[in-house]
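Here are my notes for you, point by point. Keep the model open while you read.

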Amino acid sequence: MIDVGSHYQRIADDLRLLIESGEYAAGSQLPSEQELAARYKVSRPTLRSALEVLQADGLLEKFHGRGNFVRRPRERITYVGEGHAPDQRASLDDALKIDVDARQMGAHPALSELLDVPVDTRLTEYTYLSHLYQAPQTLARLYVPWNVAEFEAPKTSRSPWGEDIRELLADAGVDVTSTVERVTARLPRTEEANLLHITTKTPVIAIERTSFDADGHVVELALLVLRGDRTEAVFTHREAAPPEAEDCVDSALRRLPWNSPEGKPCFLSAACTDGTLSRIADSVETEQTTAGVEVLSGAKAVLADTGAGERQLRFALVRAVESLGEVLRVAESRGARIPAPDYAEPGPEGDPSEDWRALEGVVW
């Protein structure tokens, strides 16, 4: 058989298919690691690497002393960006619990640079740890220099992102006039993994949020760590169009390479090609087309292997269908940005952009 990946990745792919097909139902326990290692004829460390892949994907949950269980679908917390409170459904109100703690400290070199203050400047650190259905979900640490404001930490909070601190700053006469957010995906540090009850191989979304006053001074720094398998970050920026782009909103619409949290398609004016959102979409499309080449190569290898079994063929077909959907979406998006030649035949009567706007599920 042609080797199209490492042992543990192939085992993870096979177990993923069994979970998605329902053979291992939500809430059910997988066979023991010893049984699985024997079934796949691999060592225990190799088998555990495969299970860690599925844990990072949010499909499995490991309980020490009990084993590995297929995770039940869970609610996700949405971070909407720019320091706004998450728009959660009422059903989460009682399920989401946030513990708040505060301590005084001196700015170490890393914080000194982020806050633009001298080392050892006195700060207050506010720690927010949220639990959803008793499972740790997000970790937020906020820092406010003493020379900006001093106030007592709230006992509890309705926001896992520390929105109360902004409210307290406003009450103290400190106005936040601008916010810069930097988002990265990384592996958690040991302390973060322990607090969030995840392995050090489970990705997290790390958000560095810096808030400034009208004079450009940093008045608040927030370092957010969100479980990558249970949270999502959605950023919506509304900026006034420059004079030369006044007609931007009336142009054809570009299909973005992602859907809304509700699964509906998202569109952007095809004429607005210089914005941040457009550049992010370009980057995502490039990654999707590059992945399509890799999927095609892998599928060809499986089809060329006369010994490939049903699971390998099914997996190759599933990935090919997913990739084809992404590539078709990219083609639709990029087609909207290619101007029609002068000799093109006229289309149907009416403004084409009006037809786009009539599509059900368009997100503005």
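1. Which backbone oxygen does the side chain of Arg 227 reach at 3.4 Å? That of Pro 136. This is a polar contact (a pair of N or O atoms within 3.5 Å; within protein, one must be able to donate a hydrogen and the other to accept it, and residues adjacent in sequence count only if both atoms are side-chain atoms).

2. Before going on, a word on what you're looking at. This is a predicted model, where local features need pLDDT of at least 70 and side-chain atom pairs count only at pLDDT 80 or more, while totals for chains, interfaces and linings use all residues. Residues are numbered from 1 along each chain as its sequence is written, and side-chain values use heavy atoms, with hydrogens and water left out.

3. Back to Arg 227, which sits in strand E9; strands (E, at least two residues) and helices (H or I, at least four) are DSSP runs, numbered from the N terminus. Arg 227 has 5% relative accessibility, so it counts as buried (under 20% relative accessible area; exposed is over 50%, partly exposed in between, with a 1.4 Å probe and protein chains only). A polar atom of its side chain also lies 3.0 Å from the backbone oxygen of Leu 196. Leaving aside neighbours within four places in sequence, the contacts of Arg 227 (heavy atoms within 4.5 Å) include Gln 137, His 197, Ile 198 and Pro 203.

4. Now the largest nonpolar core, with 24 residues. Such a core is a set of buried Ala, Val, Leu, Ile, Met, Phe, Trp, Tyr and Cys residues joined through side-chain atoms within 4.5 Å. Tyr 126, Leu 142 and Leu 226 are among the residues with the most contacts inside it. Elements supplying at least two residues each include strand E5 (122-132) and helix H5 (163-171), but E9 gives the largest share, four residues. Apart from this core lies another of 18 residues, Val 42 and Leu 60 among them.

5. Have a look at helix H1 too: residues 7-20 span 20 Å from first C-alpha to last, close to the 20 Å expected (1.5 Å times one less than the number of residues). Its buried residues include Ile 11, Asp 13 and Arg 16. After H1 comes Gly 22, with a positive phi near 95 degrees.

6. Finally, confidence. The chain's mean pLDDT (the predictor's confidence in each residue, from 0 to 100) is 77. Over residues 1-5, pLDDT stays under 50.
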